[in-house]
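Hi,

Here is the structure I promised to pass on to you. Have a look at it first, and then read my notes below.

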Amino acid sequence: MPAFSEKSRAKLATCDPRLQVLFDKVIELVDITIICGMRDKAAQDAAFSGGFSKVQFPNSRHNKSPSMAVDWAPYPIDWNDRDRFLYVAGIVYGVAREH
């Protein structure tokens, strides 16, 4: 059964408890990694300037404490495997609807 790495677990711990519960259930079904939970100003500025976020600090849901957003990816990560991202997104959506 898949399990979060220590790094993913630490990033998820910065998120709202409801997101933690959701992704704890998702990891039971499919292997994912947590890329980002809460972002401080420097991290948000970097995400914005790098084109990974459309909003500046403090306007992202990542900039709250606890974070109201989480970035994840199927593990192992293949940024070009769009179908796998859509498949896992469907699982996340389904688990969220159940709870």
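Cys 36 is buried, at 14% relative accessible area (buried means under 20%, exposed over 50%, and partly exposed in between, with a 1.4 Å probe and protein chains only). Its sulfur lies 7.8 Å from the closest cysteine sulfur, that of Cys 15, which is too far for a bond. Cys 15 is buried as well, with a relative accessibility of 1%. The count of disulfides (pairs of cysteine sulfur atoms within 2.5 Å) comes to 0.

A word on what you are looking at: this is a predicted model, in which local features need pLDDT of at least 70 and side-chain atom pairs count only at pLDDT 80 or more, while totals for chains, interfaces and linings use all residues. Residues are numbered from 1 along each chain as its sequence is written, and side-chain values use heavy atoms, with hydrogens and water left out.

Next, the salt bridges (a side-chain nitrogen of Lys or Arg within 4 Å of a carboxyl oxygen of Asp or Glu).

- Arg 9 and Asp 24 meet at 2.8 Å, N to O. Arg 9 sits in helix α1 (residues 6-12) and Asp 24 in helix α2 (residues 17-26), so the pair ties together parts 15 residues apart in sequence. (Helices are DSSP runs of H or I with at least four residues, strands are runs of E with at least two, and both are numbered from the N terminus.)
- Arg 18 pairs with Asp 16, with their closest N and O atoms 2.8 Å apart. Arg 18 is exposed at 60%, whereas Asp 16 is buried at 9%.
- Asp 71 and Arg 39 also form a salt bridge, at 2.8 Å from N to O. This pair links distant parts of the chain, with Asp 71 in strand β2 and Arg 39 in the loop between β1 (32-36) and α3, 32 residues apart. Arg 39 is buried, at 8% relative accessible area.

Which residues does Ser 53 touch, leaving aside those up to four places away in sequence? They are Arg 39, Gln 44, Ala 47 and Phe 48, where contact means heavy atoms within 4.5 Å. Ser 53 is in the loop between α3 (41-49) and β2, and it counts as buried at 13% relative accessibility.

That is what I have so far. Happy reading!
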